[in-house]
Amino acid sequence: MIDAADFAAHLQRHVELAGSALAIATLLGLAFGSLSSHAHAARGPIVTLAGIGRVIPSLALITLMIPVFGLGFRSACVALTLLAIPPILINTDLGFRSVDPAASDAARGMGMTATQMFWRIEWPAALPITFAGVQTAAIEVIASATLAAFIGAGGLGEYITRGLDANITSILFIGAVGVAALALLTNLALGTLRRLIGVRT
Amino acid sequence: MRFERVSVRYPNAEASAVEDVSLELSAGAFTVILGPSGCGKSTLLRTVNRMVVPAAGRVYVDGTDNAQININTLRRSTGYVIQAVGLFAHMSVADNIAIVPGLLQWDSKRIEQRVDELLDLVRLPATYRNRLPRELSGGEQQRVGVARAIAARPRVLLMDEPFGAVDAIVRKSLQEESKRIAQLLKTTILFVTHDVDEALGLADRIVVMAAGKVVQYGTPLELLTNPTTPFVEDLLDTHDVVRRLGLLRAQDVMQPPRPETEGAIDAQATLRDSLNQFLQGAGTLAVERDGRRIGTLDFGDVQAAIRR
């Protein structure tokens with residue numbers, strides 16, 4: 001019932017789920033985070049929504065998706081995306097707002113265009129904080145993707161549901177350790193990446 | 001540079017920040033705008049590079065209405081130094097200095113050369129090139145701020161209370177440096193401060209502002225000897241004759257050389273410096289330039305200078 005090929009398939013599913021949710025969430029989080037930090041009027045509603053998103057328990061969120069997207073991958077992916085957006089969005093917003101106002105004043109006064117200011121001054125200043133948000137979101141998504149198994153979307157959580165059904169601790173254990181190892185490795189990889197691109201935190 | 005009936009009004013403000021200011025600054029001069037906080041001095045300065053847009057009036061830079069110049073072209077040819085410095089924290093000292101030359105697409109070899117020149121000019125060691133701003137002291141950061149502002153040889157240099165955030169000793173040395181740099185550059189400098197001594201020490205011309213208006217415009221000595229309003233009299237404390245003596249040089253009031261002297265003073269020294277020697281008992285001082293005696297100075301000459 002459990003062999004290496006089976007484990008690899010579930011691991012792959014888990015990574016696909018978490019990876020696609022994280023990728024979509026990063027795009028949306030960056031977009032809305034930079035929007036909220038630049039557009040004064042948009043900030044209140046966007047950050048409030050993100051805050052609410054943070055409070056809803058993951059299992060509830062995944063279940064809520066079933067009536068809309070049915071059982072399976074799509075529901076799980078959408079729910080995980082919604083889970084991952086808030087930390088990325090909030091950190092992006094904070095990152096852009098951490099730009100020293102004096103530096104912006106100087107940049108404008110020296111004749112930088114808005115685009116030059118964004119890429120040369122604001123984005124480098126925001127990057128460390130934004131990246132920390134992505135790292136947090138990645139770990140959250142990998143952990144929560146375990147719940148996808150409850151709505152038939154597969155992943156390493158499958159071993160936990162199977163183990164519970166059959167009342168076999170060792171199967172359950174494979175899922176739990178697998179998820180924990182995946183989360184740790186991802187954290188390590190992102191930390192290394194962060195150092196490689198020279199982001200100081 | 002010329003201001004023509006410039007008024008600035010901020011939204012929701014009751015009074016104008018700047019009201020109907022007309023001024024003509026001489027090219028290449030060091031002009032200081034002096035006034036209490038909230039008098040509109042920074043606002044007036046910021047109309048030059050259009051960081052503030054006047055509600056009425058025009059600002060001419062090199063004879064051209066600055067509203068007709070492309071905003072980025074205008075700003076890239078205008079140096080800008082602010083109190084909070086505003087260095088870019090993620091960039092090295094060299095990259096900070098190279099910003100405007102980079103925007104103007106100088107080739108990289110010319111930029112490198114210019115950065116070296118500028119570090120030397122503001123007296124920072126060449127080893128600072130690759131440091132980050134946070135590794136520098138406040139005074140050193142503002143030196144980089146000045147180097148960055150003059151990197152592309154701007155025709156106009158705007159300095160908005162540039163030394164307001166550093167301690168008194170560092171401020172003094174930065175003031176001396178800017179005087180030296182100003183003489184080297186021959187750029188038109190507009191400098192805002194609320195510090196009277198800073199204004200008197202640096203300026204060729206001082207613009208005194210109060211409540212958005214220009215109260216008086218003249219050389220430091222004119223302002224001290226001939227204040228037109230009680231406000232200027234008060235602000236500059238014109239009754240303080242020692243302050244006035246700080247602006248007069250020995251060579252301005254000396255008499256022809258005489259043989260009998262007790263001590264010597266440099267021709268460039270101020271009468272305030274001479275006062276020290278007179279108070280210590282000197283009767284007649286020889287005035288010297290490059291070691292050669294060119295005149296004499298006694299206490300009577302100093303008194304006469306005050307009465308004039």
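In chain B of this predicted model, residues 24 or more positions apart account for 62% of the contacts with a separation of 6 or more. Two residues are in contact if their C-beta atoms, placed from the backbone, lie within 7 Å. In chain A, the share for residues 24 or more positions apart is 71% of the contacts with a separation of 6 or more. Residues are numbered from 1 along each chain as its sequence is written, and chains are lettered from A and ligands numbered from 1 in the order in which they are written. In this predicted model, local features need pLDDT of at least 70 and side-chain atom pairs count only at pLDDT 80 or more, while totals for chains, interfaces and linings use all residues.

Chain B has 14 helices and 13 strands. Helices (H or I, at least four residues) and strands (E, at least two) are DSSP runs, numbered from the N terminus. The C-alpha trace of chain B spans about 65 × 50 × 35 Å along its principal axes. Chain B has 308 residues, and 40% of them count as buried. A residue is buried if 20 or more other C-beta atoms lie within 10 Å of its own, exposed if 12 or fewer, and partly exposed in between; these C-beta atoms are placed from the backbone. The domain assignment of chain B gives domain 1 (2-239) and domain 2 (244-307). Such bounds come from an automatic or database domain assignment. The centres of the two domains, taken over C-alpha atoms, are separated by 35 Å.

Chain B holds an open sheet of six strands, in the order E6-E7-E8-E3-E9-E10. Its pairing is mixed. Two strands pair if DSSP finds at least two bridges between them. Strand E6 (78-82) and strand E10 (213-218) of chain B are the edge strands, and each pairs on one side only. On average, neighbouring strands of this sheet are turned by 15° against each other, direction ignored. E6(B) and strand E7 (residues 156-160) of chain B run parallel and are joined by five bridges. Within this pair, B:Val81 has B:Met159 in E7(B) as its bridge partner.

B:Asp204 sits in the loop between helix H8 (196-202) and strand E9 (205-210) of chain B. B:Asp204 is partly exposed, because 15 other C-beta atoms lie within 10 Å. Leaving aside neighbours within four places in sequence, B:Asp204 is in contact with B:Ala29, B:Phe30, B:Thr31 and B:Thr219. From B:Asp204 to B:Pro11 the separation is 193 residues in sequence and 34 Å in space, C-alpha to C-alpha.

A second open sheet of chain B has three strands in the order E11-E12-E13, with mixed pairing. Its edge strands are strand E11 (264-266) and strand E13 (292-298) of chain B. The twist averages 35° from one strand to the next. Three bridges join E11(B) to strand E12 (residues 284-289) of chain B, and these two strands run parallel. B:Ile265 stands opposite B:Val287 in E12(B). Helix H13 (residues 271-279) of chain B lies across E11, E12 and E13 of chain B, at about 165° to E11(B). Axes are lines fitted to C-alpha atoms, for helices over the stretch in contact, and angles run from 0 to 180 degrees between N-to-C directions.

Chain A has eight helices and zero strands. Its C-alpha trace spans about 70 × 40 × 20 Å along the principal axes. Of its 201 residues, 42% count as buried. Helix H1 (residues 4-38) of chain A packs with H6(A) at an angle of about 150°, and their axes are 10 Å apart. The residues of H1(A) that meet H6(A) include A:Ala18, A:Leu22 and A:Ala25. On the H6(A) side, those that meet H1(A) include A:Val134 and A:Val141. By class, this contact has ten nonpolar, two polar and no charged residues. Ala, Val, Leu, Ile, Met, Phe, Trp, Tyr, Cys and Pro count as nonpolar, Asp, Glu, Lys and Arg as charged, and the others, Gly among them, as polar.

The two chains touch through 14 residues from chain A and 17 residues from chain B. Helix H5 (101-109) and helix H6 (114-144) of chain A each give two or more residues to the chain A side. H5(A) gives the most, with six residues. By class, the chain A side has eight nonpolar, three polar and three charged residues.
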